[in-house]
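Subject: The structure I promised you

Hi,

Here is the structure I said I would pass on. Have a look at it first, and then read my notes below.

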Amino acid sequence: MSERKEDYHQSYEGKIRIPSGCAVAGLINKAGKRVNGRTIGEMMAVMHERSNGLGAGYAAYGIYPEYGKAYAFHLILTDDQTRGEVERILVRNFKIIEQQEIPVRRTGRYKKAPLLWRYFCEPLRPDRESAIEDLLLTTTMRINRMAPRASVMSCGQNLGVFKGVGYPEEIAEFYRIDQYLGYSWLGHGRFPTNTPGWWGGAHPFSLGETAVVHNGELSSYGTNKSVLENFGYELSLRTDTEVMAYAIHYLRRQNLSWPLVAKVLAPPHWAELERMAGPERELVAALRRIYGGLMMNGPFSIIVAFHGGLMALNDRLKLRSLVAGASGADLYLASEEAAIRQVCPRVEEVWSLPAGEALICRAEEESACHVA
Amino acid sequence: MPRSLIPPEFLVARDEGRCLKCKACVRQCGFGVHTDDQGRGISIDERRCVNCQRCVVMCPVGALKVTANPSVGRENAYWPASRLREIWRQAENGGSILTGMGCDRNYPVYFDHLLLNASQVTNPSIDPLREPMEIRTFLGRKPEKVSIAGPPGAERLADPLPPVVQLEIPVMFAAMSFGSISKNVVLALAQAAKRLGIMFNTGEGGMSSVLAPYREHMIVQVASGRFGVDNAYLEAGRIIEIKIGQGAKPGIGGHLPGEKVNEEIARTRGIPAGADAISPAPHHDIYSIEDLSQLIYTLKEATDYRKPIAVKIAAVHNVAAIASGIVRAGADIVVLDGLRGGTGAAPKLIRDHIGLPVELATAVVDRRLREEGIREQVSLVASGGIRSSADLLKLICLGADAVYLGTAALLALGCHLCQKCYTGKCSWGIATQDPSLTRRVDPQWGATRLVNMLTAWGHEIKEFMGAMGINALESFRGNRLQLRAVGLPQNELDQLGVKQAGEAM
């Protein structure tokens with residue numbers, strides 16, 4: 001009987017887009033000091049109530065300095081045969097330097113976990129550095145087309161996403177995130193409504209150098225999707241956050257700075273715009289006209305990680321909680337203040353993010369965060 | 001003349017007990033149904049009645065009633081009364097049957113199979129009375145990417161964007177020419193467009209000088225007859241629309257009979273008074289897509305690339321490929337006019353048997369342009385039979401940026417949809433040039449009614465949006481996931497790109 005239920009879930013997984021509530025957390029050390037993953041794990045554990053055990057995950061930046069400029073593909077696979085198919089896609093454009101099963105702690109909780117694999121790859125044509133983002137995009141899209149048999153968790157340099165079905169503390173334990181040191185971390189616990197979660201649908205979502213965790217529901221998903229489809233993005237992971245990750249990836253490829261990316265995702269109201277000074281108004285109005293279809297509508301709080309920084313953003317009406325806390329070189333972000341106080345009881349300053357205004361934090365010694 | 005064998009379509013009943021013999025009905029009827037019989041009362045010629053309800057509404061004591069004639073004989077499901085009448089009429093006069101307004105046949109109405117979404121629990125609905133709801137939209141070409149100059153933190157726009165037109169509600173008044181409708185009606189549309197912050201369209205009749213104050217809200221049309229097209233005309237409007245076809249008569253030209261071409265119409269059209277104004281079926285300088293491209297760039301050159309160029313086509317079977325060609329030919333706005341689009345005059349069988357419902361046309365064009373990666377460059381305007389704010393929003397979810405309203409606008413001005421626009425006898429004073437009839441529409445009165453209607457639609461759109469938890473119109477465009485369909489087979493769902501009601505996100 002339980003076997004049949006499993007099959008049913010299997011056939012359901014990845015076929016339906018799941019709106020979700022959630023807990024999000026992020027931290028960065030502005031001096032570029034690498035911290036153990038245990039910290040983000042603790043932040044998430046405090047917000048246990050905000051998840052329902054159907055998905056959790058972490059993104060870690062600065063964890064693979066020993067792999068130089070290699071792109072780390074983290075994959076969720078059903079079996080070795082699928083891995084073979086994925087490998088054939090990868091070798092079209094990449095040289096695989098090293099590969100291994102992502103180390104996990106066998107706790108007994110995950111008897112039926114998928115095959116979790118990572119490849120460290122270098123592009124076959126390193127001379128075409130400018131085209132690398134396109135290459136990461138097309139490769140990821142090709143692999144994700146096989147979803148739910150295969151999906152890419154992350155594919156950037158010196159970063160990795162670890163995610164799956166379970167509570168945040170279970171996933172932290174399973175992936176042994178206490179064995180990694182990163183200068184910035186994202187954490188997520190999911191509360192998907194109405195359907196079983198699946199491994200590929202957990203957060204963070206990542207493409208290229210950015211990763212995002214999201215609490216909310218994107219009512220604009222259909223529009224965002226239809227816009228991104230013009231530019232080669234295929235939405236195959238059936239979680240609305242996927243569209244956020246791709247929109248950010250697209251906007252960064254358009255050479256928009258992070259503050260301007262935020263102005264596209266949560267643009268000022270037209271009335272606000274009319275109060276702006278000439279050149280700024282002109283630019284922000286142009287952004288809204290050109291990229292209006294990438295506006296994220298519906299309640300959201302997001303934390304975006306990129307090399308050397310974090311960006312946190314709320315929807316234009318502030319319909320989701322998001323709190324920031326600063327202490328020395330550490331910046332913490334979380335759905336709840338409790339998560340910050342758990343790991344930093346003497347936090348110097350705590351504040352709630354205003355509607356639609358991005359908080360962008362960069363590591364001061366950005367070079368320390370980049371691959372040497 | 002031999003006796004007609006056609007029974008009257010409508011029955012006119014006068015309550016003699018109520019009738020004051022004031023003869024209002026005699027004066028009100030543009031079709032001569034009521035006649036003063038010089039002392040013997042008022043006689044009724046039912047054969048002339050078009051059931052426009054003017055006399056019924058205007059009778060001060062409510063003594064009149066017009067009803068459809070319940071029977072013309074033994075009509076049946078296969079031979080409906082309308083078809084019997086058409087054959088009898090053709091047997092009597094040998095002509096193709098003319099009509100006005102849009103296709104009224106019982107084809108599937110996709111609007112009525114589509115349901116909108118709303119928020120519950122996982123996503124809060126928004127109260128439009130408390131929170132800003134943005135329904136502004138822009139029409140015109142968009143660059144592929146923004147070009148930015150200046151250092152981070154002090155960025156500015158490097159190149160100005162191509163010209164666009166801003167609409168405060170995603171609605172415009174469709175092309176209706178002075179000639180097909182009266183000058184007062186054109187003025188009412190123009191004034192309403194100005195008050196609402198939207199656009200109206202001159203149609204192919206040229207521009208009357210009375211429209212000068214409304215130029216900022218005017219779309220000028222270049223159609224196959226090129227009536228009134230000169231440099232001043234092109235300069236006058238904010239958008240130039242090349243009309244290839246219209247939904248009510250795809251592939252068919254236009255014909256304004258000489259008897260309707262009075263001095264003023266002749267002047268605005270640039271033709272002699274009394275001469276027939278014939279719009280050829282094709283543009284005789286556009287026999288292919290590259291010719292269209294030449295006309296688009298001719299118009300852009302003539303106006304220094306300061307105005308978006310729209311191209312309007314009737315939705316036909318190959319509409320997606322044609323629209324793609326139009327975008328690639330350089331158009332900034334593509335207008336799709338669907339099966340239900342209205343007209344001042346069209347052959348009835350053409351009107352009723354050619355074309356594609358605008359819901360399908362919008363969906364397939366949006367999809368095709370996305371597949372080609374060019375959807376974001378242009379604006380898409382849907383037109384043809386939009387009856388309510390719900391229809392409008394459904395079209396935006398299917399991929400339109402804005403819609404044109406023709407029939408709905410005329411209804412707001414009093415039209416009762418009798419479909420006799422081509423006769424020029426319109427008792428409501430809309431589709432006529434007879435001064436005794438046209439004065440029935442006062443431009444300001446008409447503008448206020450149009451403003452009222454669209455203000456109401458604006459409120460409704462905001463209520464829909466609030467219910468869905470979406471506070472900007474941009475987030476609706478192409479958002480098919482906010483739609484679900486009831487009662488449609490899978491292949492129709494596929495064409496619309498909409499899921500079956502009951503299916504989750």
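Before anything else, one term: a residue is called buried if 20 or more other C-beta atoms lie within 10 Å of its own, exposed if 12 or fewer do, and partly exposed in between, with the C-beta atoms placed from the backbone. A second one: helices (H or I, at least four residues) and strands (E, at least two) are DSSP runs, numbered from the N terminus.

Also keep in mind that this is a predicted model, where local features need pLDDT of at least 70, side-chain atom pairs count only at pLDDT 80 or more, and totals for chains, interfaces and linings use all residues. Residues are numbered from 1 along each chain as its sequence is written, while chains are lettered from A and ligands numbered from 1 in the order in which they are written.

**Helix H5 of chain A**

Which residues of H5 (residues 168-175) of chain A are buried? They are A:Pro168, A:Ile171, A:Ala172, A:Phe174 and A:Tyr175. Looking down the axis of H5(A), these buried residues fall within an arc of 165°, so they line one face of the helix.

Just after H5(A), A:Arg176 takes a positive phi of about 55°.

**Chain A as a whole**

Chain A has twelve helices and 18 strands, and 55% of its 372 residues count as buried. Its C-alpha trace spans about 60 × 45 × 45 Å along the principal axes. A compact globule of 372 residues would have a radius of gyration near 21 Å, and the 19 Å of chain A agrees with that. (This radius is taken over C-alpha atoms, and the globule rule is 2.2 Å times the number of residues to the power 0.38.)

For what comes next, two residues are in contact if their C-beta atoms, placed from the backbone, lie within 7 Å. Among contacts in chain A between residues at least 6 apart in sequence, 77% join residues at least 24 apart.

- A:Thr140 sits in helix H4 (residues 132-144) of chain A. A:Thr140 is buried, because 24 other C-beta atoms lie within 10 Å. Leaving out residues up to four places away in sequence, A:Thr140 touches A:Val152, A:Cys155 and A:Leu207.
- A:Arg238 is in the loop between helix H6 (221-228) and helix H7 (241-253) of chain A. A:Arg238 is buried too, because it has 20 other C-beta atoms within 10 Å. A:Pro148 is 90 residues from A:Arg238 in sequence, yet their C-alpha atoms are 9.8 Å apart.

**Chain B**

Chain B has 15 helices and 23 strands, and 50% of its 505 residues are buried. Its C-alpha trace spans about 90 × 55 × 45 Å along the principal axes.

The chain is divided into domain 1 (10-95) and domain 2 (137-141 + 169-472), with bounds from an automatic or database domain assignment.

**Where the chains meet**

How many residues does each chain bring to the contact? Chain A gives 39 and chain B gives 39. On the side of chain A, the elements giving two or more residues are H6, helix H9 (270-274) and helix H10 (278-291). The largest share, seven residues, comes from H10(A).

Enjoy exploring it!

Key: Arc of directions from axis to C-beta.
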